[in-house]
Amino acid sequence: MDLAATPLIARLRHFLLFAALGALGTLAQYAVLVALASGAEIDPVAASTAGFLTGGVLNYLLSRRIAFRSDRPHSEAAPRFFLVAGCGLVFNALMMAGFTRGLGLPYLPSQLMATGLLVVWHYAGNLLWTFRPARP
């Protein structure tokens, strides 16, 4: 039995590709977060939101082109992607507020936890809705 050909292994490989590409967007997000929160002393929740938006644009481009190899028109895919991301943005802000303000945790560990939880949300939303091939 060729394990590389099994649906579970193929799905895992696809998820890992999505996550690896998402890491690039996450690096952009964290760069903005640190620059604004530490460098400009902006509130960590606002800084995290600005970083999240920056990473979102990069993630859309990488997801559409590489991870999902979608031919869905931008006019259809982009609004879906950013709706999934917008929900993720709200979840991110709520988690950051809960972790930093509610629990008093430092902002970087808080963002790491929020990011880990959001990876699954973004993958599922984009796989099942954003970049799912259009039905004829």
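The model is predicted, so I kept to its limits: local features need pLDDT of at least 70, side-chain atom pairs count only at pLDDT 80 or more, and totals for chains, interfaces and linings use all residues. Residues are numbered from 1 along each chain as its sequence is written, and side-chain values use heavy atoms, with hydrogens and water left out.

Asn59 lies in helix α2 (helices are DSSP runs of H or I, at least four residues, numbered from the N terminus). Setting aside neighbours within four places in sequence, I found Asn59 in contact with Leu21, Gly22, Gly25 and Phe81 (heavy atoms within 4.5 Å).

**α1 against α2**

I then checked helix α1 (residues 7–39) against helix α2 (residues 44–67): they pack at about 150 degrees, with axes 7 Å apart (lines fitted to C-alpha atoms over the stretch in contact, angles from 0 to 180 degrees between N-to-C directions). That makes α1 roughly antiparallel to α2 (over 145 degrees).

**α3**

For helix α3 (residues 74–102), 29 residues at 1.5 Å a residue should span 42 Å, and the end C-alpha atoms are 39 Å apart, which agrees (the expected span is 1.5 Å times one less than the number of residues). I noted Phe81, Leu89 and Phe99 among the buried residues of α3. Their cover includes α1, α2 and α4 (107–130). Gly104 follows α3 and has a positive phi, near 70 degrees.

Note on methods: Helix = DSSP H or I, 4+ residues; strand = E, 2+ residues; numbered from the N terminus. Parallel < 35°, antiparallel > 145°, perpendicular 65-115°, else oblique. Buried < 20%, exposed > 50% of the residue type's maximum accessible area, 1.4 Å probe, protein only.
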